[in-house]
Amino acid sequence: MTDRRRTTFDGEEWTQIARTVDVSERQGFRVEIDIEHDLALFRVQGTVRAVTNVCPHKRIACLYDGIVDNGTITCPMHAWRFDLATGDNVNGGGGLRVYAVREVEGGVWVRSNDID
Ligand code: FES
């Protein structure tokens, strides 16, 4: 984590985890920070969403490679589907951890406390 940019926004420390240009509307972008923090980033109608990359069904780190549709991500393994804004499983059951994210200065940032 020492090589990632950090700054303070609104009194909280944030860490840059990607560049704005890394996250497109067409496909997910994986950011493996460490063994506990494997994130999948998606752009939904211009807004970046950050969720855990690990599907709660079989604990497989694959959601970045899923299908994005109408603000949801469908797991490529067995098609569990999650709301990217809330992390909720749209069919019930385990949901995803959602990370607060902001885009500033050409970067995608998450709260440092959420990934440390
Ligand atoms: S591992 Fe994601 S639905 Fe089974």
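Where in the model is the place of Asn-70? The note takes this up at point 5, after the overall picture.

1. Basis. This is a predicted model, in which local features need pLDDT of at least 70 and side-chain atom pairs count only at pLDDT 80 or more, while totals for chains, interfaces and linings use all residues. Residues are numbered from 1 along each chain as its sequence is written.

2. Overall make-up. The protein has one helix and 13 strands; these elements are DSSP runs numbered from the N terminus, helices being H or I with at least four residues and strands E with at least two. Read from the N terminus, the order is β-β-β-β-β-β-β-β-β-β-β-β-β-α. The C-alpha trace spans about 40 × 30 × 20 Å along its principal axes. The radius of gyration is 14 Å, which agrees with the value near 13 Å that a compact globule of 116 residues would have; it is taken over C-alpha atoms, and the globule rule is 2.2 Å times the number of residues to the power 0.38. Of the contacts with a separation of 6 or more, 40% are between residues 24 or more positions apart, a contact being a pair of C-beta atoms, placed from the backbone, within 7 Å.

3. Buried residues make up 29% of the 116 residues. A residue counts as buried if 20 or more other C-beta atoms lie within 10 Å of its own, exposed if 12 or fewer, and partly exposed in between, with C-beta atoms placed from the backbone. A nonpolar core is a set of buried Ala, Val, Leu, Ile, Met, Phe, Trp, Tyr and Cys residues joined through C-beta atoms within 7 Å. The largest such core holds 27 residues, and Leu-41, Ala-50 and Val-108 touch the most other members. Two or more residues each come from β2 (12-19), β3 (29-34), β4 (37-44), β5 (47-52) and β13 (107-111). The largest share, four residues, is that of β4. Not counting residues up to four places away in sequence, Ala-50 touches Leu-39, Leu-41, Tyr-99, Val-101 and Val-110.

4. Val-101. This residue is found in strand β12 (residues 101-104). Val-101 is buried, with 21 other C-beta atoms within 10 Å. Apart from neighbours within four places in sequence, Val-101 is in contact with Val-48, Arg-49, Ala-50, Val-108, Trp-109 and Val-110. Between Val-101 and Leu-84 there are 17 residues in sequence and 12 Å in space, C-alpha to C-alpha.

5. Three strands form an open antiparallel sheet in the order β8-β9-β10; strands pair if DSSP finds at least two bridges between them. β8 (67-69) and β10 (81-83) stand at the edges with a single partner strand each, so one side of each has no neighbour in the sheet. Neighbouring strands are turned by 25 degrees against each other on average, direction ignored. β8 and β9 (residues 72-74) are joined by three bridges, and Val-68 stands opposite Ile-73 in β9. Asn-70 lies in the loop between β8 and β9. Asn-70 is exposed, with 9 other C-beta atoms within 10 Å.

6. Positive phi. Most residues other than glycine have a negative phi. Asn-70, not a glycine, has a positive phi of about 50 degrees. Asp-10, also not a glycine, has a positive phi of about 50 degrees. Asp-10 lies in the loop between β1 (6-9) and β2 and is exposed, with 6 other C-beta atoms within 10 Å.

Conventions: Contact = placed C-beta atoms within 7 Å. Axes fitted to C-alpha atoms, helices over the stretch in contact; angles between N-to-C directions.
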